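My notes are below, in the order I looked things up.

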Amino acid sequence: MLRRLSYSVFGIMTVLALASCGTTTRNFVASPEPWRKSAEASCLRAGVVMESPFIAQRSSLSAADDLCGAVHPFQVAAVGGGAVALVPNALVNCQMVPALDQWVDDVVIPAAHAVYGLGVAQMKVLASYSCRPMNNVYGAKLSEHGHANAVDIGAFTLTNGRTITVLTGWNGSDADRRFLHAVHDGACQTFTTVLGPGYNAEHHDHFHVDLMPRHVGHGVCE
Ligand SMILES: [Zn+2]
């Protein structure tokens, strides 16, 4: 009897240990948001993202009891019609692909031409899909990175090989400041959230852009 009791206690302890293990892996707060899958599905149906030598569809992403992920994410190796490489490649949802193209075509490339008289060869990706809390703060709300709905860009390399980093260029030379501020401010035309060094210390070395749904005129551009 005693042995049977000790076995069952051991069993309960094991279940509790496994359960707590499952919850400790989730370091953010979030609730299910089924509309995200609908938004992604309508983007896919609209056919705005075509596979190409630099855009490849990847298998479904899912983590943290399905609170994170995307159903049909894309691995993007280049934007701007293939002109601007993303290094490393970004893993993003369907909606982010045309948004990145629009930002690069309408803002990043024209700004480089205007300031330096050069094109842009590469953008450095510091983060794309990542199932984690906002600002990496334990217990914060799930980041848009967790939905493959955000990208962090840390640097831009021009076609002459020179690299402008957000870290040193934001308060750097006149030309670098003009370029980076134009790229940051212009991102707000496309993305609903744009955060840079002016927002907080967490963003001192990159621009965060995402497509979190917000009411028109209530985008965050800091
Ligand atoms: Zn970010």
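These entries go from the whole chain to its helices, its core and its strands.

**Entry 1: overall.** I am working from a predicted model. I started with the secondary structure of the protein chain, which comes to 5 helices and 11 strands. Next I checked burial: of the 222 residues, 34% count as buried. Then I looked at contacts between residues at least 6 apart in sequence. Of these, 58% join residues at least 24 apart.

**Entry 2: the core.** I looked up the largest nonpolar core and found 46 residues in it. Val76, Leu86, Val92, Val97, Leu100, Val108 and Val151 have the most contacts inside this core. Which elements each supply at least two of its residues? I listed strand 4 (74-79), strand 5 (84-92), helix 3, strand 6, strand 7, helix 5, strand 9 and strand 10. Helix 3 gives the largest share of the core, 10 residues.

I then picked Val76 and left aside its neighbours within four places in sequence. Val76 is in contact with Phe54, Ile55, Leu86, Asn89, Ala90, Val92, Val97 and Leu100.

**Entry 3: helix 3.** I went through the buried residues of helix 3; among them are Met96, Val97, Leu100, Trp103, Val104, Val108 and Ile109. I asked what the buried residues of helix 3 pack against. They pack against strand 1 (55-57), strand 4, strand 5, strand 6, strand 7 and helix 5. I also checked the helix for a bend. Helix 3 bends by about 40° at Val104. Just after helix 3, I noted Gly117, which takes a positive phi of about 70°.

**Entry 4: Trp103.** I stayed in helix 3 (residues 96-116), where Trp103 has its place. Why does Trp103 count as buried? I found 26 C-beta neighbours inside 10 Å of Trp103, and the cut-off for a buried residue is 20 or more. Not counting residues up to four places away in sequence, Trp103 touches Val108, Gly186, Ala187 and Thr190. I also looked up Gly80, 23 residues from Trp103 along the chain. The C-alpha atoms of Gly80 and Trp103 are separated by 8.6 Å.

**Entry 5: helix 5.** I checked the length of helix 5 (residues 174-187). At 1.5 Å a residue, its 14 residues should span 20 Å, and its end C-alpha atoms are 20 Å apart, so the two agree. Next I listed its buried residues: Asp176, Phe179, Leu180, Val183, His184 and Ala187. They line one face of helix 5, because seen down the axis they fall within an arc of 125°. The face turned away from this buried side carries the exposed residues Asp174 and Ala175. The buried residues of helix 5 pack against helix 3, strand 8, helix 4 (166-169), strand 9 (193-195) and strand 10.

**Entry 6: strand 7.** I traced the partners of strand 7 (residues 150-158). Strand 6 (residues 120-127) runs antiparallel to strand 7 and is joined to it by 6 bridges. Here I found Gln122 with Thr157 as its bridge partner. Strand 10 (residues 207-210) also pairs with strand 7 in the antiparallel sense, over 4 bridges. In this pairing Ala150 has Asp210 as its bridge partner.

Strand 8 (residues 163-165) is antiparallel to strand 7 too, with 3 bridges between them. I found Ala155 opposite Thr165 of strand 8. The hairpin of strand 7 and strand 8 has 4 residues between the strands, and Gly161 there takes a positive phi near 95°.

Methods: Residues numbered from 1 in each chain as written. Predicted model: local features only at pLDDT ≥ 70, side-chain atom pairs only at ≥ 80, totals over all residues. Pairing = 2+ DSSP bridges. Buried ≥ 20, exposed ≤ 12 C-beta atoms within 10 Å, placed from the backbone. Contact = placed C-beta atoms within 7 Å. Expected span 1.5 Å × (residues − 1). Arc of directions from axis to C-beta. Core = buried A, V, L, I, M, F, W, Y, C linked by C-beta atoms within 7 Å. Bend = angle between axes of the 7 residues up to and from the residue.
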